[in-house]
Amino acid sequence: MVLYTSPFPNSFLSVLHSFSWGLIFPCYWLADRLMGSFVPTTYEKRQRADDPCYFHALCIIITTPIYLALLVASLPFALIGFLLWSPLQSARRPYIYSRLKDKNHANGATLLTEWKAAGSGKSFCFGSANVCLLPDSLARFNNVFNTQARAKEIGRRIRNGASRPQIKIYIDSPTNTSISAASFSSLVSPQAGDNRTVNAGIKRTTSMEYKGDNCGSNNGEENREDKGGSGEPHEGEENTCIVRINGEENGHMSDTETDTVNGQARASGPAEPSLEGDAEISKTPNHKQKEGDSGSLDSCSASRESLVKVRVGDGTVDQSTVNNKLLYKASIMKKTSVRKKKHTDETFDHEISAFFPANLDFLCLQEVFDKRAAEKLKEQLHHYFEYIVYDVGVYSCHSCCSFKFVNSGLLFASRYPVMDAAYHCYPNGRGMDSLASKGALFLKVQVGSTPQDQRIVGYISCTHLQAIAGDTTVRCEQLDMLQDWLSEFRKSTSSSSTANPEELVAFDVLCGDLNFDNCSSEDKLEQQHSLFTHYKDPCRVGPGEDKPWAIGTLLDPEGLYDDEVCTPDNLQKVLESEEGRKGYLVYPTSKNDSSSQKGRKASLKGNGRRIDYMLYTEEGLYLEWKVEVEEFSFITQLAGLTDHLPVAMRLVVSTGEDDP
């Protein structure tokens, strides 16, 4: 299948489209600014409350007639542009595939080595987020604004989080499982590309302290040498640091281990300021770095709350003091250690993280509707991801029943090459959703090859379902179509036969904003859909019941700019408590509940509305391989930039070779 690298088949149509959009854009921009001036966010309201002279009201009175006059003047040109633009959409391709030609520009892409399926297995990390990049006037209804600046900042935060080195913790003592991996992550701060093995057990994965964007360009030879030791990471895992702690049964560290910590501990310093300053960033409140804001643009350092700073000086160290420092931060993994004893079938780690996972391989985004914002976001993501599919969808009346003003909002980024891609639009959208070409994006990626030259591939699907509450039937119909399209895409892109397989399928992942949760009584039909018999949800026990550690992904828009949650660190800390979740997450509403979301203390079912999903299946994969979840994360790094929590999942593909 040919991947489309431009929206139109020839340059003449591209030029004609650019000309028509140039006629439309002034009218579009003026209308957006005019509408946006009458929809303030809570952050702007707080600023205006401190304005005794009502300066903003005066500005609106002056600028509104000017905007209206310019808008009326631009309407004739916009009409001409629309008459040119609309028929051109029948020739427009459903997506744009962007590949970074200069690999030195991408810190993450240069780290990859081809997987040969010769070791014990390999892990792949998937992320998904609804980033709410609508035109600014529409984004304000979700209490976010300045779409162009947010797009750039979202891209920077994602690549900063994903490009950090990964650290893995191995603990010998079976009684020491309550100690969070995050508590150990500050014990070692190796330089970029320096994999260290410290004084092996229960494996936990977290991210280490990291500064700067260029630390990803590590020395591949040193990585390969260090992987030869015991407890090596999965084949192909890059930028990984291994820490081993031989704990005694009482949980204390031995003198030898204390010496090791003494030698490896690093005092953290302030992150170097970014050279990529942008004046418009200051217009958005959460873009200004604050002390301890680990998710901000200028800071890649680990959170003081999530990564305990253990500074060991020369001389004798009190064991109880060290242990108290190690146990200072109670992460979500530590809090769920007791629950894990009750749910013994739980085999993977789960946490609320202030960062996107290190070595993020695939990223699926929703609501990237604004085309200018998509370009800014793509430019930032290309610093880490080599392959990006964006501007996905259709416009006008092409291929859908109703007129489409905006695209699907889907964006896909990958560190691995895309082999095939396909997009389908849901034809049954209702209300405001019918104005967007919401649908599903299907991708096939190559992640390696076998010694017999068989390709190792994976399938990833990203979707965004009907959003309007009460449209249960519409969402179920869309889930039906999604399953049919998934099956068709697998069949149409498969070049293998059972007798002579040319490809080995390593994974099949489905993610996106499904706009229903697993605990609300109003979403029972979606919860019982047959999709969940084919795909597994790591956060789900069954229809109507989530696992105790799973939390909602839909934030209460009214509280986005509260000091308690406006930074990644603060939001992470709040969401780790039940009372914090009740205050800042959206919960399933009852028909008899007329109270406001904020401050509600009544007993609520679940831990919030989890409408962003990461699903995987074992059906249709290579029979001799096994796929398991290694970790699942709810991410707060985009605090203040969107009203959704991103989610991430790391899968391990075990080949069965060299297994004990």
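## Briefing: cores, strands and helix packing

The buried residues of helix α16 (568-575) are P568, D569, L571, Q572, V574 and L575. That makes six of its eight residues buried, so α16 is mostly covered. The model is a predicted one.

- C566 sits in the loop that runs between β16 (545-546) and α16.
- C566 has a relative accessibility of 6%, under the 20% cut-off, and therefore counts as buried.
- In sequence C566 and G640 are 74 residues apart, while their C-alpha atoms are 5.3 Å apart in space.

**Nonpolar cores**

- In soluble globular proteins, nonpolar side chains tend to be buried together.
- The largest nonpolar core here has 90 residues, and F362, F412 and F507 touch the most other members.
- Strand β14 (residues 503-513) contributes the most to this core, with seven residues.
- Another core, of 28 residues, lies apart from the largest one; L365, Y384, L638 and A648 are among its members.
- Beyond its neighbours within four places in sequence, F412 contacts F362, L363, C364, Y387, I388, V389, V418, L441, L443, V445 and I460.

**Strand β8 and its partners**

- Strand β8 covers residues 362-368, and seven of its seven residues are buried, so the rest of the structure largely encloses this strand.
- Strand β2 (residues 121-133) pairs with β8 in the parallel sense, over six bridges.
- In β8, V368 is the residue that L133 stands opposite.
- Strand β10 (residues 411-414) pairs with β8 in the antiparallel sense, over four bridges.
- L365 stands opposite L411 of β10.

**The five-stranded open sheet**

- Five strands form an open sheet in the order β11-β12-β13-β14-β17, and their pairing is mixed.
- β11 (418-425) and β17 (612-616) are the edge strands, each pairing on one side only.
- From one strand to the next, the twist averages 15 degrees.
- β11 pairs with strand β12 (residues 439-449) in the antiparallel sense over seven bridges.
- V418 stands opposite V445 of β12, and both V418 and V445 are in contact with F412.
- Helix α13 (residues 472-493) lies across β11, β12, β13 (455-464) and β14, and runs at about 35 degrees to β12.

**Helices α5 and α12**

- Two packed helices are described by the angle between their axes and the distance between the axes.
- For helix α5 (residues 147-162) and helix α12 (residues 371-381), the axes come within 8 Å and cross at roughly 20 degrees.
- An angle under 35 degrees counts as roughly parallel, and α5 and α12 are therefore roughly parallel to each other.
- Their crossing, that of α5 and α12, is right-handed.
- On the α5 side the contact is made by T147, Q148, A151, K152, I154, G155, R156, I158 and R159.
- On the α12 side the contact is made by R372, A373, K376, L377, Q380 and L381.

Methods:
Residues numbered from 1 in each chain as written. Predicted model: local features only at pLDDT ≥ 70, side-chain atom pairs only at ≥ 80, totals over all residues. Heavy atoms only, no water. Core = buried A, V, L, I, M, F, W, Y, C linked by side-chain atoms within 4.5 Å. Buried < 20%, exposed > 50% of the residue type's maximum accessible area, 1.4 Å probe, protein only. Helix = DSSP H or I, 4+ residues; strand = E, 2+ residues; numbered from the N terminus. Contact = heavy atoms within 4.5 Å. Pairing = 2+ DSSP bridges. Axes fitted to C-alpha atoms, helices over the stretch in contact; angles between N-to-C directions. Parallel < 35°, antiparallel > 145°, perpendicular 65-115°, else oblique. Left-handed = near helix turned anticlockwise from the far one by under 90°.
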